[in-house]
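This briefing is meant for a reader who is meeting the structure for the first time.

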Amino acid sequence: MTERTPGPERTPVPERNREAVEGTAVGAGGLDAVPALEIDPILDDRGTRIIVCCGSGGVGKTTTAAALGVRAAERGRRVVVLTIDPARRLAQSMGIDALDNTPRKVDGIKGSDGGELHAMMLDMKRTFDEIVEAHADPARARAILENPFYQSLSAGFAGTQEYMAMEKLGQLRARDEWDLIIVDTPPSRSALDFLDAPKRLGSFLDGKFIKLLMAPAKVGGRAGMKFLNVGMSMMSGTLGKLLGGQFLGDVQTFVAAMDTMFGGFRTRADATYRLLQAPGTAFLVVAAPERDALREAAYFVERLAAEGMPLAGLVLNRVHGSGAAGLSAERARAAAENLEEGRMGDRGPGKTGLRGVPATSSEPSHHATAADSSARPSAARPSAAPEAAPTADVTEEHGTDPDTDQDLARLTAGLLRLHAERMRVLAREQRTRDRFTALHPEVAVTEVAALPGDVHDLAGLRAIGERLSSPRGGS
Amino acid sequence: MSRLQVVSGKGGTGKTTVAAALALALATEGKRTLLVEVEGRQGIAQLFETEALPYEERKIAVAPGGGEVYALAIDAERALLDYLQMFYKLGGAGRALKKLGAIDFATTIAPGVRDVLLTGKACEAVRRRERDGHPAYDHVVMDAPPTGRITRFLNVNDEVAGLARIGPIHNQAQAVMKVLKSPDTAVHLVTLLEEMPVQETADGIAELRAAGLPVGRVVVNMVRPQVLDEAAVRAASGDHREAIARTLVSAGVTGGAALVEPLLDQAAEHARRVELEREQRAVLDGIGLPAYELPYLGDGADIAGLYRLAKELRRQGVGAA
């Protein structure tokens with residue numbers, strides 16, 4: 001939710017605003033106490049080889065990763081951005097309509113230092129297939145690729161995406177063609193899945209259970225079952241009952257065929273995990289100033305510390321600011337009421353708007369379309385907020401110049417009400433941030449001001465990069 | 001209204017909040033609803049400000065008119081162990097299986113099995129009856145995985161069909177699909193009036209339809225009041241800055257002159273957003289689904305906000321016969 005156009009014009013002023021917010025609605029512990037996250041030194045440091053963007057869904061991780069990629073490339077790095085599930089528009093914003101499993105060069109990167117940007121989208125099945133093809137002879141590879149269990153596992157397992165993201169990261173790092181890899185993390189049910197899923201698959205591939213499954217296959221298929229002790233056959237029997245014998249058969253065949261590759265999987269997963277703990281890696285936790293997103297961010301910060309993974313800081317997206325933060329919500333609202341009561345006797349209290357447009361014509365989304373209901377499949381789009389101020393839908397025929405004092409009063413009251421609403425949002429965002437800061441005062445933060453719409457091109461990504469690198473959200 | 005209400009949506013659109021509000025709305029006037037979560041995030045407990053939910057149905061809220069909302073955090077592992085116990089009396093063997101990693105395999109690695117267990121538990125609650133033959137719950141509301149994964153999650157039959165062609169998991173998948181594809185189920189998608197969530201909603205609906213799953217409604221969440229539109233802002237940013245400054249002062253705002261510019265900036269942003277929202281509304285209208293609209297909660301989604309959203313849903317027809 002976004003209020004700002006990217007571009008050279010003024011950016012919001014959380015700087016001024018912070019003081020005012022602290023002074024009015026919010027208690028102590030504002031951002032001034034928080035270390036600022038400086039992005040550019042991280043991007044410019046040739047020692048930084050991997051940046052991981054993590055956080056819960058819908059906070060702008062992928063956009064952040066892409067914007068960092070553009071900025072790093074334009075500052076002379078040779079960058080590859082590994083996205084997991086980019087929105088179509090975002091892929092297009094990098095000039096790539098079909099991101100696929102191979103890095104593609106992004107055109108239009110400006111920069112005199114020979115920087116380049118490449119982008120790719122993880123195709124988990126393709127990545128898994130490639131590993132199989134690379135590590136097994138053709139006959140065995142075909143057997144694996146055709147196995148029903150493999151097909152479900154490679155396309156469906158909830159952790160495959162995370163695991164394959166790790167694999168891909170390892171591969172990109174090993175190729176050594178890029179001096180900076182920026183990774184977006186999968187939209188998991190929890191941000192921590194990215195760290196846990198590879199281990200889970202690894203422990204499955206390594207565990208007792210898989211050995212048990214392999215045992216009969218090794219000694220001659222299901223006939224070998226009879227050599228197993230009673231406990232094991234009971235277990236196999238139970239699973240067979242539960243899943244159907246053929247399912248277990250598929251798993252066993254798969255496991256037998258994959259046998260020689262298991263060591264490799266585990267070794268590579270461990271190596272990538274160690275890579276993430278190395279000094280050349282920087283984790284950026286991405287969040288929006290909302291309770292759930294910041295709670296996930298706090299979990300992630302704690303988890304990274306526990307795993308000894310290097311956290312660079314928190315990217316707080318979609319932060320609202322106000323250039324008029326000295327004017328509190330209460331005062332703005334009171335002033336709006338003054339104007340409305342004093343000069344707008346023809347309208348009910350609490351209504352704001354412009355002109356003499358009746359309030360009923362003003363909610364284009366609701367009432368106005370009731371007339372052309374053919375455009376709407378059903379009448380069920382009732383008005384959202386009963387207490388919401390009706391829109392002042394000024395039409396051309398009513399003119400657009402506030403000629404009279406009354407018009408001016410309405411317009412000014414509208415500006416004040418908007419401002420009161422903005423200040424309420426600011427106060428709430430500040431409270432949420434303060435909660436995070438109280439838990440993790442050591443975490444450096446950069447704020448990115450809210451944008452009015454989605455990013456559509458490199459210029460948009462560039463503008464976000466600009467905001468990312470000015471920690472207080474403005475320039 | 002369908003007995004099983006599945007709520008999905010892109011991350012960050014507030015689907016847990018909407019699911020909770022829907023459960024409250026459906027419980028109004030003496031009904032009983034069960035709100036289930038399936039992703040182990042304890043989002044419901046956070047929302048209702050209670051301690052973490054155990055694997056048991058527990059009353060978490062009272063709805064207006066004497067209704068009750070129960071909540072359950074479904075855990076795939078516990079569901080599987082229950083299941084083994086119920087059908088095979090395998091309490092002890094369950095522990096042995098767990099030690100071997102077999103339970104972990106079945107609930108996290110074997111594709112689709114986890115989803116069958118999660119949706120299976122929700123469907124069981126839908127079908128469950130009291131001794132007197134009345135349904136245990138009037139409605140079951142599921143806080144489901146996000147839009148990008150919802151079709152795969154619900155379409156368990158396809159997922160499991162290739163693997164477990166016989167056996168109880170197969171039968172379970174069949175039974176679950178029967179409920180999920182019936183008019184007893186409605187899948188709602190929560191969105192914001194922003195480009196990416198709207199696009200994802202359109203894609204999600206197409207996927208659900210292709211899989212034969214019953215799409216319910218679009219829920220447009222966090223709709224903000226529209227105070228000024230572009231024409232008004234154009235008017236204001238003309239040659240009226242001084243007049244506006246005077247008006248501010250007359251209304252009791254000190255330092256009016258310095259405030260005019262930032263206030264007009266905010267108005268311009270607002271107008272731009274109103275325009276974008278209008279565009280996204282047009283896209284949603286093109287989808288051709290009925291919609292609920294819920295207001296933005298300025299103070300965040302707390303319990304008071306939930307009740308307000310529930311009331312709003314009632315007003316828009318939720319729970320009407």
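Two strands are said to pair if DSSP finds at least two bridges between them. The model described here is a predicted one, and the points below are grouped by topic.

**The sheet of chain A**

- Chain A has an open sheet of eight strands in the order 3-4-2-5-1-6-7-8, and the pairing in this sheet is mixed.
- Its edge strands are strand 3 (104-105) and strand 8 (445-449) of chain A, each of which pairs on one side only.
- Within chain A, strand 2 (residues 78-83) and strand 4 (residues 116-121) run in the parallel sense and are paired over six bridges, and in this pair Leu82(A) stands opposite Met120(A) of strand 4 of chain A.
- Helix 13 (residues 291-307) of chain A packs on the sheet, where it touches strand 1 (50-54), strand 6 (281-287) and strand 7 (311-319) of chain A, and its direction makes about 160° with that of strand 6 of chain A.
- Helix 16 (residues 405-439) of chain A lies across strand 7 and strand 8 of chain A, and it runs at about 165° to strand 7 of chain A.

**The sheet of chain B**

- Chain B also has an open sheet of eight strands, with the order 3-4-2-5-1-6-7-8 and mixed pairing.
- The edges of this sheet are strand 3 and strand 8 (291-295) of chain B, each pairing on one side only, and neighbouring strands are turned by 25° against each other on average when direction is ignored.
- Strand 1 (residues 4-9) of chain B runs parallel to strand 6 (residues 185-191) of chain B, and six bridges join the two.

- Is strand 4 (residues 67-73) of chain B largely enclosed or largely open, and how many of its residues are buried? Seven of its seven residues are buried, so strand 4 of chain B is largely enclosed by the rest of the structure.
- Gly67(B), Val69(B), Ala71(B) and Ala73(B) point one way from strand 4 of chain B, while Glu68(B), Tyr70(B) and Leu72(B) point the other way, and all of them are buried.
- Strand 2 (residues 32-37) of chain B pairs with strand 4 of chain B in the parallel sense over six bridges, with Leu35(B) standing opposite Ala71(B).
- Strand 3 (residues 58-63) of chain B, by contrast, runs antiparallel to strand 4 of chain B and is joined to it by five bridges, with Val62(B) standing opposite Glu68(B).
- Strand 3 and strand 4 of chain B form a hairpin that has three residues between the strands, and in this hairpin Gly65(B) takes a positive phi near 80°.

**A helix contact in chain B**

- The axes of helix 5 (residues 102-109) of chain B and helix 6 (residues 113-127) of chain B come within 5 Å and cross at roughly 80°. Angles of 65 to 115 degrees count as roughly perpendicular, and helix 5 and helix 6 of chain B are therefore roughly perpendicular to each other.
- Helix 5 of chain B contributes Ala106(B), Thr107(B) and Thr108(B) to this contact, and helix 6 of chain B contributes Val113(B), Arg114(B) and Leu117(B).
- Sorted by class, the contact of helix 5 with helix 6 of chain B holds three nonpolar, two polar and one charged residues.

**Cysteines**

- Over all chains the structure holds zero disulfides; for Cys53(A), which is in no disulfide, the nearest cysteine sulfur is that of Cys54(A), 7.6 Å away.
- Cys53(A) counts as buried because its relative accessibility is 0%, and Cys123(B) counts as buried because its relative accessibility is 0%.

- Arg318(A), although not a glycine, has a positive phi of about 60°; Arg318(A) is found in strand 7 of chain A and is partly exposed, with a relative accessible area of 29%.
- Glu49(B), although not a glycine, has a positive phi of about 55°; Glu49(B) is found in the loop between helix 2 (43-47) and strand 3 of chain B, and at 52% relative accessibility Glu49(B) counts as exposed.

Methods:
Residues numbered from 1 in each chain as written. Chains lettered and ligands numbered in written order. Predicted model: local features only at pLDDT ≥ 70, side-chain atom pairs only at ≥ 80, totals over all residues. Heavy atoms only, no water. Helix = DSSP H or I, 4+ residues; strand = E, 2+ residues; numbered from the N terminus. Contact = heavy atoms within 4.5 Å. Axes fitted to C-alpha atoms, helices over the stretch in contact; angles between N-to-C directions. Parallel < 35°, antiparallel > 145°, perpendicular 65-115°, else oblique. Nonpolar A, V, L, I, M, F, W, Y, C, P; charged D, E, K, R; others polar. Disulfide = S-S within 2.5 Å. Buried < 20%, exposed > 50% of the residue type's maximum accessible area, 1.4 Å probe, protein only.
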